Amino acid sequence: AVAGQIEGQRVLGKRLIMGPWVHGNRVGQGANLPNAERDLTAETIRFFDHYAKGIDNGADKPAIEYYTLNAPPGQEWTSVESWPDYPRTTMNLSDEEKLEAAAPTANGTPALYAPRDVSWFDGKYSPLNRWWRGDLGPTNAASLVHTSEPLAQDTEITGTIRGDLWISADQPDVDVFAMLQDVAPDGTATYVTDGWIRASWRKVHELPWGGNTRTWHRGYAEDIEPLVPGTPALLQFDFFPTSYVVKSGHRLRLALSTSIGMEYQSPPLAGGKKATITVYRDVARPSSISLPVRPH
């Protein structure tokens with residue numbers, strides 16, 4: 001997983017190359033991404049030239065090279081010593097299905113979401129295939145969506161987005177899937193990144209190797225905690241790391257669902273029953289996402 005590779009680079013050093021690729025280090029089918037190809041064979045040879053032959057070629061110096069989607073021409077690739085930890089912008093879920101920087105109000109109303117069949121990427125989504133340039137409108141029609149106002153300027157989101165969702169459910173467990181989208185002025189919604197969490201695995205621990213760069217659920221048996229039906233609980237989770245420029249005039253959209261067509265992942269504690277969830281949006285139980293935004 002990319003999150004694990006980033007943590008390994010942070011703790012151990014070394015070099016990491018992150019491209020806009022699906023499994024196998026290849027550009028997704030039908031993608032038109034400028035300068036996305038890299039000669040990874042040459043990078044591998046550089047590694048062995050240094051460590052096997054003792055050639056001083058810089059392959060031992062810690063660095064991350066990453067690709068930014070929608071970057072200005074010629075600026076797609078960035079080289080840094082470690083994965084960026086840019087200042088964060090919090091976007092709150094609020095009434096009228098808005099996603100906004102304004103703090104939630106004391107009387108913010110909760111949103112109710114009944115279980116529906118949602119198929120990400122027309123059924124072609126997988127953790128190893130996070131690439132899709134189709135319109136997500138049909139998916140959103142069956143999801144709980146919150147959308148921002150148009151952005152005033154190009155905004156680069158680079159890093160690991162975090163989610164904080166206050167929910168309750170009518171079953172002892174539920175999976176919550178979250179997708180961040182880029183909504184063009186014509187209404188077309190495209191994929192940016194996603195994250196998910198199983199409610200019973202919500203307990204968060206400190207990283208045993210130090211640092212606070214990610215939200216870690218270790219998943220020990222003693223950590224598993226069923227939901228109490230009707231009682232609010234906080235779900236904290238990370239999205240898949242990304243680097244993406246949202247263009248001026250575009251909007252951000254968060255789409256939530258409780259099933260994406262992967263029935264084998266149904267929570268055992270739910271006993272095969274699909275949960276209706278309540279998402280809270282008030283000042284005491286604020287639901288939000290936290291975006292790492294690169295300063296201009």
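Modeller: The discussion below concerns the aromatic rings of this predicted model.

Colleague: What describes a pair of aromatic rings?

Modeller: A pair of aromatic rings is described by how far apart the centres are and by the angle of the planes. In this structure, the count comes to 14 aromatic pairs. One of them joins Trp120 and Phe177, with 6.0 Å centre to centre and 80° between the planes, an edge-to-face arrangement.

Colleague: Which parts of the chain does the pair of Trp120 and Phe177 link?

Modeller: The pair links distant parts of the chain, 57 residues apart. Trp120 belongs to the loop between strand 8 (111-113) and helix 3 (137-141), whereas Phe177 belongs to strand 12 (residues 175-183). Both residues, Trp120 and Phe177, are buried.

Colleague: Why is the pair of Phe121 and Trp132 stacked?

Modeller: Planes under 30 degrees apart count as stacked. The planes of Phe121 and Trp132 are at 10°, with ring centres 5.7 Å apart, so this pair is stacked. Phe121 and Trp132 each lie in the loop between strand 8 and helix 3, so their pair ties together parts 11 residues apart in sequence.

Colleague: Are Phe121 and Trp132 buried or exposed?

Modeller: Phe121 counts as buried at 1% relative accessibility, and Trp132 is buried with a relative accessible area of 18%.

Colleague: Which residues do ring pairs link into a cluster?

Modeller: The cluster consists of Trp120, Phe121, Tyr125, Trp132, Phe177, Tyr191 and Trp196, linked by ring pairs.

Terms used
Residues are numbered from 1 along each chain as its sequence is written. This is a predicted model: local features need pLDDT of at least 70, side-chain atom pairs count only at pLDDT 80 or more; totals for chains, interfaces and linings use all residues. Side-chain values use heavy atoms; hydrogens and water are left out. Rings of Phe, Tyr and Trp (its six-membered ring) pair if their centres lie within 6.5 Å; planes under 30 degrees apart count as stacked, over 60 as edge-to-face and the rest as tilted. Helices (H or I, at least four residues) and strands (E, at least two) are DSSP runs, numbered from the N terminus. Buried means under 20% relative accessible area, exposed over 50%, partly exposed in between (1.4 Å probe, protein chains only).
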